[in-house]
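Colleague: I'm new to this one, so could you walk me through its aromatic pairs up close? Please spell out the terms as you go.

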Amino acid sequence: MAANANGVPTPRSPLARIQTQKKQNGICHDDSGKPVKAQTIDELHSLQKKRSAPTTPLEGAQGAFASLSEEERQRQQLQSISASLASLTRETGPKLVKGDPAKTQAVARVAHHHHVEAPTISVSDSSLKFTHVLYNLSPAELYEQAIKYEKGSFITATGALATLSGAKTGRSPRDKRVVIDDSTQDELWWGKGSPNIEMDEHTFMVNRERAVDYLNSLDKVFVNDQFLNWDPQNRIKVRIVSARAYHSLFMHNMCIRPTPEELENFGTPDFTIYNAGQFPCNRYTHYMTSSTSIDLNLARREMVILGTQYAGEMKKGLFSVMHYLMPKRQILSLHSGCNMGKDGDVALFFGLSGTGKTTLSTDHNRYLIGDDEHCWSDNGVSNIEGGCYAKCIGLSREKEPDIWNAIKFGTVLENVVFDEHSREVDYEEKSVTENTRAAYPIEYIPNAKIPCVGPHPKNVILLACDAFGVLPPVSKLSLAQTMYHFISGYTALVAGTEDGIKEPTATFSACFGAAFIMLHPTKYAAMLAEKMQKHGATGWLVNTGWSGGSYGYGSRIKLPYTRKIIDAIHSGSLMNATYQKTDVFGLEIPTEIEGVPSQILRPENTWGDKKAYKDTLLKLAGLFKKNFETFTNYKIGKDNKLTEDILAAGPNF
């Protein structure tokens, strides 16, 4: 399991480059993609491949059913069997018959596939047919289905499956809806700042029926039965019904894969996704604002996807569900990375895009528990997922060797561009989107800890890339300060450069994942504080951004210095340092750290223009205060003391 058996230090990978594209104001800023400028699937497909010399002939390229005559296609559709759209089953969902209709029915399926009995044939009220389900297929089988039937699917030079997600190459947070009912009306976070946009039960059922009707009009669908959460006492059973092999392989990688024995005893899932993303919602349906709709019904434990084929909607939809279900069990759900030292010391890493969360949590001297989603229960920490979903833009073997080596057979590559002849991927190319992604099982990472569980965290590290250049490289936080900065979820992006202006833009995302949380942020913060206090964890604020001035004037803090800071946190040596308190934010900063110049530890020491430093500091403090106004009226505790403590931990000027 040790990543460095020979004791040779592995080159560190640099921090992610700061974003230079100005983002729209919204809930989430990490992976929402612009629609692709392509009018047809052929245009989109042409973006995916870079022509090489000699040019590979395209005459043989075929679409989903191009290898079959229309008569044969209709014959196969009629032969496929389904009674899932009878009136009764519209309320309960598809009843599905296992088997690939393209294969002879007499051919026995492989033993590891779960057997599903054929339902009794009944008359459908829509005069549609039975549907065949391809149940928990292996990656190899899913490759075959994708290559044969899904245009835009190719095997790359390293063996990964390259796919296209259609016009949507990122999540659509403004099209996500949650059913509001008597229960969720009081439980969930609604209103200003919340990611939860309401819809009613009736509209959900309209969309659900549209999705189920579409899935059952197909000659086959893919079904995955899998788990969430590596903690065996608190794992959740999920079922994903989808139309694409790409989506089935993606979820095979991202969820926890059951053993054949676990599949035999899987039973009724706790949550079901109906992914009919190829089919649009009806834009004239109440609450709809586009042809895309991602709908959550927590009472029915169901999710419906219409009008987007971006696979990340499934992953993050389930994460939202975990943010609702786990706190009911007094388990804290967290949007964080997590690793563990050889002595069992666990660290959590929170941070928005560009802060270095992936880079800093990936450490060859420590075991990786997970890169993105975790639970903290009375048993310790556990990864929610069974895989990793890594950004690929600018990927190189030198910067991210673990991710580079994980892109092999079984990995899904979304929207990448590759050489048409050699199938070598160009990770710098953004023709389709900048949000290119790789989804692979976590065991593809050499130092992953399997099972992905660990003891209670010792350190909670909040990462901010402060392009204003006024936050110190590291601060030790009190419990109230940890809650304040956790609720704030701050980082700074570099704005666009129109007219030569280079002005940082503050970004706040509550709990470092506002797009996915379901309850009020202070509830998660209170749970975090309770667990940190109970288990003796320490909070840290680490700035991976600028020093000596704002972006355009100062310089980014060197990665080796940040690494030394993180190492000092892991080792415990930073706990014994001498600390000084800063003005305005009231942060405790160490006077010295081995291997880090003492001058940079106090930001004002690195600025030549002290007045500019003070003005910029007050400007950022004002942005913090303005952002926190959303949360000031929310009471925690009977006497509201907890809320007052959090507010007092913010900037004071």
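Modeller: Let's begin with Phe266, which counts as buried because its relative accessibility is 3D-model-derived at 2%, where buried means under 20% relative accessible area, exposed means over 50% and partly exposed is in between, using a 1.4 Å probe and protein chains only. Keep in mind that this is a predicted model, where local features need pLDDT of at least 70, side-chain atom pairs count only at pLDDT 80 or more, and totals for chains, interfaces and linings use all residues. Residues are numbered from 1 along each chain as its sequence is written, and side-chain values use heavy atoms, with hydrogens and water left out.

Phe227 is buried too, with 3% relative accessibility. What are the aromatic pairs here, by count? The rule gives 20 of them; rings of Phe, Tyr and Trp (its six-membered ring) pair if their centres lie within 6.5 Å, and planes under 30 degrees apart count as stacked, over 60 as edge-to-face and the rest as tilted. Phe227 and Phe266 make a tilted pair, because their planes are at 35° and their ring centres sit 5.6 Å apart. Phe227 belongs to strand β8 (residues 220-228), while Phe266 is in the loop between α8 (260-264) and β10 (271-276), so this pair ties together parts 39 residues apart in sequence. Helices (H or I, at least four residues) and strands (E, at least two) are DSSP runs, numbered from the N terminus.

Now for another pair. Phe624 is buried, at 1% relative accessibility, and Tyr490 is buried at 3%. Tyr490 and Phe624 form a tilted aromatic pair, 5.0 Å centre to centre with 50° between the planes. Tyr490 lies in strand β27 (residues 490-494) and Phe624 in helix α16 (residues 610-628), so the pair ties together parts 134 residues apart in sequence. Both rings also belong to one aromatic cluster, formed by Trp189, Tyr484, Tyr490, Phe508, Phe585, Phe624, Phe628 and Phe631.

As for the setting, the chain has 17 helices and 33 strands, and 58% of its 653 residues count as buried.
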